[in-house]
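Trainee: I would like to learn how to read helices and their packing in a model. Can we go through one together?

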Amino acid sequence: MDATVYGPESAPRLALNKSPARRILEAAVRSPGFKVGMGVLLLLLFAMVFYPMLSDVSATTINVRARFLPPIGVGDKWIWAHPLGTDQLGRDILMRSVVGLRYSLFIGVASVFMMLMLGCGLGIYAGYRAGWRDTVIMRITDAQLSIPMIILAISILGVSTPTVQSIILVLAMSGWPLYARVARSVALAERSMEYVRGLEVLGASHWRIMLLYMVPTILPPIVFIAVLDVARMMIFETILGFLGLGVPPPAPSFGTMISDGRKYLINAWWIASCPGMFLALALLSLNLIGAAFERARNQVFGGSDGSQ
Amino acid sequence: MYILSYLIKRLGQGLFIVAFTSMVIFTLLRVVPGDPVRLIVGGMAPADVVERVAKDMGLRDPIPVQYARYFGEVMLGDLGRSYVRPQNGMIVSGGQFIDPTTSNMATVSSLIAERLPLTLALGAAAIFMAITFSFPLGLAAGLYPHSICAKLAFFVQSIFVSIPNFWLAIVLIFYLSVQLRWLPALGYQGPSYIFLPALVLAVEISPVLIRALSVSIAQTMQAEFVTEARVRGLPERRIILGHGLRNAAVPLMNLLGIQLSSLIGGVLVIEYIFDYPGLGQLTVMAVANRDFPLVQGIAILTSAVFVLINILVDLASFSIDPRVEL
């Protein structure tokens, strides 16, 4: 902010003067759900970043002699080198889960980022410019919402060879209409505000108004949707992997690990269970954080949330 | 009369959406690399046969021409014939050579009609289970936002939403079916085979239901008309049933309409895991076999169902709450 700007920014920072976005953030951070979720997420991120650097175990090296080793404390064949045991090809499950988490989280975040950019961009443009542009964009959005995206996704990935990029693209394509709708409704409401007219009178261009003034207003309702969507996209990515349409092997992905592991469930339950636990923990942490944001937003905007 | 013209308008829009969906799927299937003819005629077929079959089937025409022909047939009620599934149910393996223009392939509509009842039964069972489980919990959480029930609802919600459905499916198959032998799991030989897959789907749906129900009940119970109803001396039971639930039903139904697409995704995977012979499993197989007519037929059917259910949801909302604008 420029030093010459007057208004709320230059007033003393009382609680009431804080922007809604800031109050939402503070309320969310205070909630117990957020603390637990953030703690778990940080732990997972820490493991994801540092474990592959510190350990010299490989995620893809096949070692047939070390097949089906159980996790520490299970049975009597376990060894310290493989804390969560090994799979049917003797690959370390902990390392594979950690690297699988990398792929999963990256695909989730990247696809949500893409759908957020595309959806919010189109939504703000439609809501702000209104008229025929609005009609055209919203009709496309409606049509896209009623396409069974999962069928489209598995058709595209099933017929071509899936890569990380194509998976991200397909997921992003399936999710943007929701963001477009939310962004449009906020932009429509914002557009009739006094300050927008003021900016227009002052000669601000449409793009300037949209980028500098509209974008910040749509963030509060969008952030928690985005966090929850990362979790949803991670599930989708795993489903694709499970159907054999995920990150191509030998790269570890949760979906392929669980799908392979289910054949050995009776004798080696850990092959499918451990990656599943990792995924469930990651999803739980994201969902707790997203839910905390949602409640905080409801509190700040006076809407009441059912529980707590 | 008003409702009738509304219906006609919505159905017209719906038809447009279905056409759009089929066009997108049709085009994408043909743009991505991978020639279905090679799969149809078998790996051993000579190149000139491949070309001849492709020409006979019209697969070398420009895509818009192919689509126009296809959509014209769809409008007449003909979804075409499967590329790989003969009428007797046997799937041809890669080495054999068959000519799809002369052999008797099953029609797409018969394949779908065979599987659809099973998927509908699964969906109905799952929604029934989800509602019986989440209704009391969501209602209690909405009515008493600070009670132990609300905390329990939040806890259940967070756990359920974080369990990947197919992982839960595998775990349940392992414990309930393989180890304890309580329930059958794989395939379909009778109604008892529906239970496990429906349970997994219900776990997937219920967190959304619990949350929506508790939020909208809590909001409704703070509304002025509820306070007025109390002043008028109505019994609490009637207030909850007549005012609270009635008003909470509208957002809940809308949500179910929106959730439908992710529900379809769930059905797909669950059927695949449980080897349940429904539409979802058929879809996965069709994609794996590059059975384009079948994939298109399923996509058209799903988007039509989607459109119809959303129209029904809007009509039901209108009849429950006259304030809803059609």
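The dialogue below goes from the chain to its helices and then to the contacts.

Mentor: This is a predicted model, in which local features need pLDDT of at least 70 and side-chain atom pairs count only at pLDDT 80 or more, while totals for chains, interfaces and linings use all residues. Residues are numbered from 1 along each chain as its sequence is written, and chains are lettered from A and ligands numbered from 1 in the order in which they are written.

Trainee: How many helices and strands are in chain A?

Mentor: Helices (H or I, at least four residues) and strands (E, at least two) are DSSP runs, numbered from the N terminus. Chain A has ten helices and zero strands.

Trainee: How much of chain A is buried?

Mentor: A residue is buried if 20 or more other C-beta atoms, placed from the backbone, lie within 10 Å of its own. Buried residues are 46% of the 308 in chain A. In H3(A), 27 of 37 residues are buried, so by the same definition this helix is mostly covered.

Trainee: What span does H3(A) reach?

Mentor: The expected span is 1.5 Å times one less than the number of residues. H3(A), residues 93–129, reaches 53 Å from its first C-alpha to its last, close to the expected 54 Å. After H3(A) comes A:Ala130, with a positive phi near 50°.

Trainee: How is a pair of packed helices described?

Mentor: By the angle between their axes and the distance between the axes. Axes here are lines fitted to C-alpha atoms, for helices over the stretch in contact, with angles from 0 to 180 degrees between N-to-C directions. The axes of H5(A) and H6(A) come within 10 Å and cross at roughly 160°. The two helices are therefore roughly antiparallel, a label for angles over 145 degrees.

Trainee: Which residues of H5(A) and H6(A) meet?

Mentor: Contact requires C-beta atoms, placed from the backbone, within 7 Å. A:Met149, A:Ala153, A:Ile156 and A:Leu157 of H5(A) meet A:Ser166, A:Ile167, A:Val170 and A:Ser174 of H6(A).

Trainee: What is the angle between H5(B) and H12(B)?

Mentor: Their axes cross at roughly 55° and come within 10 Å.

Trainee: How many residues of chain A are in contact with chain B?

Mentor: 37 residues of chain A are in contact with 51 of chain B. Helices H5, H8 and H10 of chain A each give two or more residues to that side.

Note on methods
Buried ≥ 20, exposed ≤ 12 C-beta atoms within 10 Å, placed from the backbone. Contact = placed C-beta atoms within 7 Å. Parallel < 35°, antiparallel > 145°, perpendicular 65-115°, else oblique.
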